[in-house]
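Here are a few exercises to work through with the model open in your viewer. Try each one yourself before reading its solution.

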Amino acid sequence: ERVEYLLITVRNYISSLKLNSYSLENDLIVFRLCSLLFDNSHIEELCELATEEVPQIPTYKLLPPMYQLAARLGTSGNLSQLVFKLISNTAREHPFHVLPILFAL
């Protein structure tokens, strides 16, 4: 039951971030989404959902948690390929924001 509520929550956060509106709540939602994904990366259904849906979020909405994503770049785990894909896509579209973070690693 806990996993079902977690999946519903993550699905709703992703749906909210996919909308092309910018607000302070979206900044907070993206941090909450990252926290939920990394804290529960051992749940296979969540990893599948994240792998399918998170790349559809506009890349500019992933800029605020870029430091947290970059810190997870060298780790191994269920979400490591997703993190790499998100960082590379965001770096292509916003190199002046992402590359200094990557060079600092």
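This is a predicted model: local features need pLDDT of at least 70, side-chain atom pairs count only at pLDDT 80 or more; totals for chains, interfaces and linings use all residues.

**Exercise 1.** How many salt bridges does a search of the whole structure find? Work out which side chains meet in a salt bridge, and which helices they lie in.

*Solution.* 
- Searching the whole structure turns up one salt bridge.
- The partners are Lys-18 and Glu-53, whose side chains meet at 2.4 Å, N to O.
- Lys-18 belongs to helix H1 (residues 2-18) and Glu-53 to helix H3, so the pair ties together parts that are 35 residues apart in sequence.
- As background, side chains of opposite charge can pair when their charged atoms come close.
- Lys-18 has 27% relative accessibility, so it counts as partly exposed. Glu-53, at 23%, also falls in the partly exposed class.

**Exercise 2.** Which residues gather in a patch of negative charge on the surface? Take Glu-45 and find how far its C-alpha atom is from that of Glu-4.

*Solution.* 
- The patch of negative charge on the surface is formed by Glu-44, Glu-45, Glu-48 and Glu-52.
- Glu-45 is located in helix H3 and is partly exposed, at 44% relative accessibility.
- Glu-4 is in helix H1. Its relative accessibility is 55%, and the cut-off for exposed is over 50%, so Glu-4 counts as exposed.
- Now the distance: Glu-4 and Glu-45 are 41 residues apart along the chain, and their C-alpha atoms are separated by 9.5 Å.

**Exercise 3.** Find the helix that holds Ala-71, say whether Ala-71 is buried or exposed, and get its C-alpha separation from Ala-50.

*Solution.* 
- Ala-71 is part of helix H4, which spans residues 66-71.
- With a relative accessible area of 55%, Ala-71 is exposed.
- Ala-71 and Ala-50 are 21 residues apart along the chain, with 18 Å between their C-alpha atoms.

Terms used
Residues are numbered from 1 along each chain as its sequence is written. Side-chain values use heavy atoms; hydrogens and water are left out. Helices (H or I, at least four residues) and strands (E, at least two) are DSSP runs, numbered from the N terminus. Buried means under 20% relative accessible area, exposed over 50%, partly exposed in between (1.4 Å probe, protein chains only). A salt bridge is a side-chain nitrogen of Lys or Arg within 4 Å of a carboxyl oxygen of Asp or Glu. Patches are made of residues with over 30% relative accessible area and no salt bridge: like charges are joined within 9 Å, nonpolar side chains (Val, Leu, Ile, Met, Phe, Trp, Tyr) within 5 Å. Accessible areas come from the Shrake-Rupley method with a 1.4 Å probe; for residues, only the protein chains shown count as cover. Lys and Arg count as positive and Asp and Glu as negative; His and the chain ends are not counted. The place of a charge is taken as NZ of Lys, CZ of Arg, CG of Asp or CD of Glu.
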